[in-house]
Amino acid sequence: TITFTAGFTLPGGFDSDSGEAILAKKAAFLVFLIADGYAMCTSMLVLFGIIWSMASKRQQSSLLIDRSLVLLKQSLCGTLIAFITGVYVVIHRKSLWAAIVILVMCSLVVITSKRSILHKVFLGLVPAYYLQCLRRWQKRKQNAPPPDNQSEVQEREPLNNQREQELDSMV
C-alpha cells in the first residue's frame, strides 16, 4: 500500500495543465520512481511467495518462505530509498539539514536490518531486551528435567555450554 500510494501521490505534485509530474526531470525524483517501483514489485513477489508456500510441499514451502524474507528485506530497502529521495527532492533547497537527518536515520535502519547487527543494537540500546533474554535462559536452565542417567548429563552438557556461549556473545 505504501509504494502504491506513493506512486500516485508523487512528491512535488502535478502540473495542472499537462498532468505531468513537476519534478520529472530531477535525478532524485527519477531515483524515487525507480525505488518505489522496485519496492512495489518485490513486495508483490513476497506476497506470491507466501501464498504459494501454503500450497507447496514442506521443503519447497520452506524455500519459498526463505526467499520471501530476502525479497521482503529488499522491498523495505526500496521503500526507504523511495522515502529518502522523495523527501530530498521536495525539501533539499529549503532545508538541506532536515534532508540529511532523514538520510542518516533511514541509512541506519538499512544498516541495522542485518540480524546480527540488529541483535547487538537491541542489546546495547534496550537493556530490558537483554534482561528478558537472560531471564528466559535462566528459566530454561531451571526448568530442565533432572537427568535420569549419566549419558543424559553428558548429552546436555554441550548444549548448556553452547547456550552459555550464546548468552556471553550477546553481552
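In what follows, a residue is called buried when its relative accessible area is under 20%, exposed when that value is over 50%, and partly exposed in between, with a 1.4 Å probe and protein chains only. Leu 96, for instance, has 44% relative accessibility and therefore counts as partly exposed.

Colleagues, the structure before you is a predicted model, in which local features need pLDDT of at least 70 and side-chain atom pairs count only at pLDDT 80 or more, while totals for chains, interfaces and linings use all residues. Residues are numbered from 1 along each chain as its sequence is written, and side-chain values use heavy atoms, with hydrogens and water left out.

Let me begin with the overall fold. The protein has 7 helices and 0 strands, in the order α-α-α-α-α-α-α along the sequence. Helices here are DSSP runs of H or I of at least four residues, strands are runs of E of at least two, and both are numbered from the N terminus. Of the 171 residues in the protein, 25% are buried. The accessible surface comes to about 12700 Å², and carbon and sulfur atoms account for 65% of that surface; these areas come from the Shrake-Rupley method with a 1.4 Å probe, and for residues only the protein chains shown count as cover. A contact means heavy atoms within 4.5 Å. Taking contacts between residues at least 6 apart in sequence, 52% join residues at least 24 apart.

I turn next to confidence. The predictor's confidence in each residue is the pLDDT, which runs from 0 to 100. Its mean over the protein is 76, and 67% of the residues reach 70 or more. Which elements have the lowest and the highest mean pLDDT? Helix 7, residues 150–170, has the lowest, at 50, and helix 2 has the highest, at 89. Over residues 151–156 the pLDDT stays under 50, and the model has 5 contacts beyond four places in sequence for that stretch. Where pLDDT is low, the predicted coordinates should not be read in detail.

Now to the interior. A nonpolar core is a set of buried Ala, Val, Leu, Ile, Met, Phe, Trp, Tyr and Cys residues joined through side-chain atoms within 4.5 Å. The largest such core has 7 residues, namely Leu 23, Ala 28, Phe 29, Phe 32, Ala 35, Ala 82 and Val 89. Helix 2 (27–54) and helix 3 (58–91) each supply at least two residues of this core, and the largest share, 4 residues, comes from helix 2. Ala 82 touches Phe 32, Ala 35 and Asp 36, not counting residues up to four places away in sequence. Apart from this core lies another, of 5 residues, including Leu 80, Ile 84, Ile 102 and Cys 106.

Ile 84 is in helix 3 and counts as buried because its relative accessibility is 15%. Neighbours within four places in sequence aside, Ile 84 is in contact with Ile 102, Leu 103 and Cys 106. Cys 106 is found in helix 4, and its relative accessible area of 8% makes it buried. With the same exclusion of neighbours within four places, Cys 106 is in contact with Leu 80, Phe 83 and Ile 84. The C-alpha atoms of Cys 106 and Ile 81 are separated by 8.1 Å, although the two residues are 25 residues apart along the chain.

What of the other cysteines? Cys 77 is buried, at a relative accessible area of 18%, whereas Cys 41 is partly exposed, at 49% relative accessibility. How many disulfides are there? The count comes to 0 disulfides, a disulfide being a pair of cysteine sulfur atoms within 2.5 Å.

Ser 68 also lies in helix 3. Is Ser 68 buried or exposed? Ser 68 counts as buried because its relative accessibility is 5%. Beyond four places in sequence, Ser 68 touches Val 46, Gly 49 and Ile 50.

Finally, the record. An unreviewed UniProt entry lists residues 27–50, 70–90 and 96–113 as "transmembrane region"; positions are in the numbering used here, feature names are shortened, and annotations may be inferred rather than shown by experiment. In the model, residues 27–50 are 100% helix and 0% strand, with end C-alpha atoms 35 Å apart. Residues 70–90 are likewise 100% helix and 0% strand, with end C-alpha atoms 31 Å apart. Leu 96, with which I opened, is in helix 4, residues 96–111. Leaving aside neighbours within four places in sequence, Leu 96 is in contact with Tyr 88 and Ile 91.
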